Amino acid sequence: MIDTLDIQITQSQSSRISEIDFDHIEFARIYSDHMFVSNYNDGEWQDNEIVPYDYFNISPANTAIHYGQSIFEGLKAYKAGDGRTLIFRPTDNSKRLNKSAQRMCIPSVSEEFFMGALTELISLDKQWIPDRPDTSLYVRPFIFSMDEYIGIRPSAFFKFMIITCPVGPYYSTPVKVMIETHYTRAASGGAGYAKAAGNYGASLYPAKLAQDKGYHQLIWTDAKDHKYIEESGTMNIMFVIADTLITPAVSDTILDGITRDSVITIAKDWGMKVEERKVEVEEVIGAAKDGNLKDAFGTGTAATIAHIELIGYDGKDYMLPPVEIREFSNKVLKELNNIKCGKIKDRFNWIYTI
Ligand code: PMP
């Protein structure tokens, strides 16, 4: 427990919690009562505050708006049956935030500072953590530049903020994905491994073209030959071919997903064969044609385990087996949910309890 952070707390005078229908939570529509804010000035984080969630002023010449010097994280807090607040693998988010920060010339945030801010904020808004099945409190830490300057250079001023919101399932049905072979999300040497705002902005147009054709999401392929599978818009991608769990190895073009790592860890613990390597599009399509593609799913904090219903490639759709008979993804989803909500033992030490 960290209790040494100097955070000024101004409590909200009137809670907006009654705006939430906890039986029908939409994804990220209503934000919790408070937010954390810290300012980077003179080479250090200072003026740490928790204040009522509200708009704030920004210069029209703000560098984050013009040049995208902005990064974020996403993690979730859960309510255990005994009322405790459980956060899933937050120190891994802290580490990844700093990896993104380094790539984007953004100052780092120490793990102690990150955890302290998170703990204070979530404790204050703990009544916002939903407890219905498949719900949680989504936590969004982010850092962006604050210089008022339209020349291009690394900024000197930044804001580190955390906001939270109750969420239900990200996808309400199994997803239809399309393998993208023209547009590129990330090239080697770029910032694909960082959770940098611009990566997401640039992915919207290709994803929209796929949505216009009836798909929910894209599966990105490598920038050079569009021959190897990379990841999806907000998820890593996994396949079960015959009896083996196969997923693209992480690289500088793929986000090192925390859900991905959790699924791999559980699969190995269960004695399943796991391969992290380059995955050719042709291998997956070939397996779908032969009936060897037993399971395919995305992994991510927001989406948890998103079953893939079908894969579109080269103008054709390849159907996967019915979701009900997919052994691995259903079992691992249940296991992960049970760990996150404290229903089973936290044997990998993933849970941070407030
Ligand atoms: N890839 C991308 C591009 C993402 O935005 C996310 C969501 N953070 C993921 C993969 C999954 O990562 P995680 O399991 O850590 O949420």
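Between domain 1 and domain 2 there are 10 residue pairs in polar contact, both residues being at pLDDT 80 or more. A polar contact here is a pair of N or O atoms within 3.5 Å; within protein, one must be able to donate a hydrogen and the other to accept it, and residues adjacent in sequence count only if both atoms are side-chain atoms. The model is predicted, with local features needing pLDDT of at least 70 and side-chain atom pairs counting only at pLDDT 80 or more, while totals for chains, interfaces and linings use all residues. Residues are numbered from 1 along each chain as its sequence is written, and side-chain values use heavy atoms, with hydrogens and water left out.

The domain assignment of the chain places domain 1 at 8-168 and domain 2 at 175-340; such bounds come from an automatic or database assignment. Domain 1 and domain 2 each give 21 residues to the contact, where contact means heavy atoms within 4.5 Å. Their C-alpha centres are 27 Å apart.

The size of an interface is often given as the accessible area lost when the parts come together. For domain 1 and domain 2 the buried area is about 1,800 Å², and carbon and sulfur atoms give 60% of that area. Buried area is the accessible area (1.4 Å probe) that two parts lose on being put together, summed over both.

Two salt bridges are found across the interface of domain 1 and domain 2, a salt bridge being a side-chain nitrogen of Lys or Arg within 4 Å of a carboxyl oxygen of Asp or Glu. K99 also forms a salt bridge, with D256, and the closest N and O atoms of this pair are 3.8 Å apart.

On the side of domain 1 that touches domain 2, β4 (70-72), β5 (75-79), β6 (85-88) and α2 (90-103) each supply at least two residues. Helices (H or I, at least four residues) and strands (E, at least two) are DSSP runs, numbered from the N terminus. The largest share of this side, six residues, comes from α2.

The ligand has 16 residues around it, and K195, Y200, E231, T259 and T301 come nearest; a residue counts if one of its heavy atoms lies within 4 Å. An N or O atom in the side chain of K195 is 2.6 Å from a ligand nitrogen, and one in the side chain of Y200 is 2.5 Å from a ligand oxygen. A polar backbone atom of I258 lies 2.8 Å from an oxygen atom of the ligand.
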